[in-house]
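Here is a short briefing on one model.

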Amino acid sequence: MPAPLPTTKLTAHAMPELAHRMSLVKSSAVREILKVTERPEIISFAGGLPAPELFPVEAIAAAHTAVLSSDGAAALQYSTTEGYRPLREAIANRLNQQGSHTIADAILITNGSQQGIDLVAKVLLNPGDAVIVENPSYLAALQAMSAYEAEFVVVESDENGMVVEELENILLTHQPKMLYVVPNFNNPTGRTLSLERRKALVRLAQRHRFYILEDDPYGELRFRGERVPSLASLDTQGVVVSLGTFSKTFAPGLRIGWLSGPESFVRSLAVAKQSSDLHTSSLSQRVVEHLLRTFDYEGHIEKIRTSYGKRAQAMLDVLAETMPTGAKWSRPDGGMFIWVELPEDVDAEKLLAEAITQKVAFVPGNSFFANDQKRNFIRLNYSNQSETKIREGITRLAALLPNLSTSR
């Protein structure tokens, strides 16, 4: 007969502490602000939200019906981690039409492109590894990489994107594992990385042997000018890993994104994904593949571009009419955001508190800076409001600024 287990007296102790790395991960400013902006009376320029009235709801509903009717059992079953092969083939064909050189086996389907950022960081980064980021940069990418204890090395950006000359100087003293960049209509600035700088970034990555993580959720949303070749299309040595998503064109609720890159690296990412979620929704993958075959995707994207172009122009016009001397802002050719630099003596977080009382919201810019945060910047989203609401909301916002200036 086995000996009885020893008994211990239960005492009131604190539960185990969270992992050290969680102290490095900040809550998303956007997610927190969205809790406030759910109120219908708020004119919100805060979230990076596509226009819901442009979601192809009827087409998505019909696609679900068709998929469940023809292939329901498979659509509701477990699937491969890499993703539904016909969808990966369709994505590869579309990327190749845009100048890339990829195949289905070099593509991993993800739960939105955000999961792709997390997977790359998970596979690549050890604590203390250097990651090059733009200043400012996408805050949820900073959040994801912070979880793996990355050390951020920032490179300033201007109207043509990341300043490559500054990067060249940094590479004399740093050996990064990765460079993260949003080349098209950057979040938060709305700026686009020039072709000359894209070529230079790829050359530097090839010479210094680090990966470029090219995050391109907005590339399809160009409403002015000509498409600029992707970094992946300029790469001949397997240094670029690219992210894409259908969240900004079909609907974010489908949670279908993808990652493309060197096959061996993508296989490692698939293993990492297995431990996270096994696979992305089988049903959603088949629905998106069905839509790409049967729906006028190009015509739908053109509607989005036209609408966002008008909304962006409406915001630019009212900013020019109402903002005080000393304020500056970006002029995007696509995407969803305008980046505003307020007079130096204005604190954007104090402005937000006042703006909420006037039923207007935005995202203060400090969270988009990896290291030294600057407090007089704000990000404005124009895709989720009508032109009328844009004019009303920006007018209310601008009226608050004279009262917040410490130099008045």
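**Loop residue Asn376**

Asn376 sits in the loop between strand 13 and strand 14. Helices (H or I, at least four residues) and strands (E, at least two) are DSSP runs, numbered from the N terminus. The model is predicted: local features need pLDDT of at least 70, side-chain atom pairs count only at pLDDT 80 or more, and totals for chains, interfaces and linings use all residues. Residues are numbered from 1 along each chain as its sequence is written, and side-chain values use heavy atoms, with hydrogens and water left out.

- Asn376 is buried because its relative accessibility is 9%. Buried means under 20% relative accessible area, exposed over 50%, partly exposed in between (1.4 Å probe, protein chains only).
- Leaving aside residues up to four places away in sequence, Asn376 touches Val340, Glu341, Leu342, Pro343, Glu344 and Val346. Contact means heavy atoms within 4.5 Å.

- Four strands make an open, antiparallel sheet, ordered 10-11-14-13. Pairing requires at least two DSSP bridges between two strands.
- Strand 10 (328–329) and strand 13 (363–364) are the edges, each pairing on one side only.
- Five bridges link strand 11 (residues 337–341) to strand 14 (residues 377–381). Trp339 stands opposite Arg379 in strand 14.

**Parallel pairing around strand 3**

- All six of the six residues in strand 3 (residues 130–135) are buried.
- Strand 3 pairs in parallel with strand 4 (residues 151–158) over six bridges. Ala130 stands opposite Glu151 in strand 4.
- Strand 3 also runs parallel to strand 6 (residues 178–181), joined by three bridges. Val133 faces Tyr180 in strand 6 as its opposite residue.
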